[in-house]
Amino acid sequence: MQVSAKVKVLATAEEVKSLSVAQLDALLDEAFGFDNFRWQQENEVVIDEPFRAEGLQRVLYKCPHCMCEGKTEGKGTKLICHNCGVEYELTELGFLEANNGIFNHVPDWYRWGREQVRQELEAGTYHLDIDVQIAMMVNHNAIYMVGEGYLTHTAEGFHLTGCDGKLDYTQGPLACYSLYADYYWYEIADMICIGNQDALYYCIPKGGGDVVAKTRLAAEELYKMKKVRKGRVSE
């Protein structure tokens, strides 16, 4: 049985020769990217749940009005900044609405957050340091809660210490092009995961705080900054 499929040519062999790496990356990003909010809006899909903005602060962690981090809260149908008081309504079609609003599209706000992180990295001001609970996976049998520790993330990568001095793990910025992280992981809490083939370390920030999205963005942007397109920088 022959299955027909639509084939889209992104660039011919001759075009590839004339395009820069950045231009080729842009073609691939456009071809493989997907915007769920845009799809919802274009197809007029109504989401009328009264809790549709719950947890939105996990990705929109920084207020573009007062530039404060960790003070936004998705509650009901609104995203509120508790520092400056600005309120956005997430409409039934997935738009953001506010008086004198800066963004009306969630992915645009998220993209702006990425740009903010990159500026911090370029200026040398980015720094994460948090107390964490630590779980470990050393095989496929189970994930074990092993204790408490301290996680830092800078331009030099991750450094995790803890378990009464028994744990000291570092991970350079070129270890991975992205970061495995999750929101409300196994209905426990937000989580950042680092590690290698020997062990994975699941770090759960203590005391709350919406740091996962920013840390993931920082890891991705740091990888781009450290990586040389025609080779690889030593860590």
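Predicted model: local features only at pLDDT ≥ 70, side-chain atom pairs only at ≥ 80, totals over all residues.
Residues are numbered from 1 along each chain as its sequence is written, and side-chain values use heavy atoms, with hydrogens and water left out.

**The largest pocket**

- The largest pocket has a volume of about 910 Å³. A pocket here is an open set of points on a 1 Å grid over the protein atoms alone, with protein on both sides within 12 Å along at least five of seven lines, and lining residues have an atom within 4 Å of a point. Points are joined across faces, edges and corners, and the volume is the space filled by probe spheres set on them.
- Of the 20 lining residues, Asp29, Arg111, Arg114, Glu220 and Lys224 are the closest to the pocket's centre.
- Helices α2 (21–32), α3 (36–42), α4 (106–123) and α5 each give two or more residues to the lining. The largest share, five residues, comes from α4. Helices (H or I, at least four residues) and strands (E, at least two) are DSSP runs, numbered from the N terminus.

**The cavity**

- The structure holds one cavity of 30 Å³ or more, and about 90 Å³ of space lies in the largest cavity. A cavity is a set of grid points where a 1.4 Å probe fits but cannot get out.
- Residues lining the largest cavity include His153, Phe158, Gln171, Cys176, Ala219 and Leu222. Elements β7 and α5 each give two or more residues to this lining.
- By class, the cavity lining has seven nonpolar, five polar and no charged residues.

**The seven-stranded sheet**

- Seven strands make an open, antiparallel sheet in the order β8-β7-β6-β5-β11-β10-β9. Two strands pair if DSSP finds at least two bridges between them.
- The edges are β8 (167–171) and β9 (180–185), each of which pairs on one side only. From one strand to the next, the twist averages 30 degrees.
- Helix α5 (residues 212–226) lies across β5 (128–137), β6 (144–154), β7 (157–162), β9 and β10, and runs at about 170 degrees to β9. Axes are lines fitted to C-alpha atoms, for helices over the stretch in contact, and angles run from 0 to 180 degrees between N-to-C directions.

**Around β10**

- Six of the seven residues of β10 are buried, so this strand is largely enclosed by the rest of the structure. Buried means under 20% relative accessible area, with a 1.4 Å probe and protein chains only.
- Four bridges join β9 to β10 in antiparallel fashion, with Trp185 partnering Ala189 in β10. Three residues separate the two strands in a hairpin, and Tyr186 in the turn has a positive phi of about 50 degrees.
- Strand β10 (residues 189–195) also runs antiparallel to β11 (residues 200–205) over four bridges, with Cys193 partnering Tyr202 in β11. A hairpin links β10 to β11 through four residues.

- Four bridges join β1 to antiparallel β2 (residues 78–81), and Glu73 stands opposite Ile80 in β2. Their hairpin has two residues between the strands, and Gly76 in the turn has a positive phi of about 65 degrees.
- Strands β2 and β3 (residues 87–90) pair in the antiparallel sense over three bridges. Lys78 has Glu89 in β3 as its bridge partner. Here five residues sit between the strands, and Gly85 in the turn has a positive phi of about 90 degrees.

**A buried lysine**

- Lys62 is in the loop between α3 and β1 (72–75), and Lys62 counts as buried at 7% relative accessibility.
- Leaving aside residues up to four places away in sequence, Lys62 touches Met67, Cys68, Glu69, Thr72, Trp109, Trp112, Gln116 and Glu120. Contact means heavy atoms within 4.5 Å.

Terms used:
Buried < 20%, exposed > 50% of the residue type's maximum accessible area, 1.4 Å probe, protein only. Nonpolar A, V, L, I, M, F, W, Y, C, P; charged D, E, K, R; others polar.
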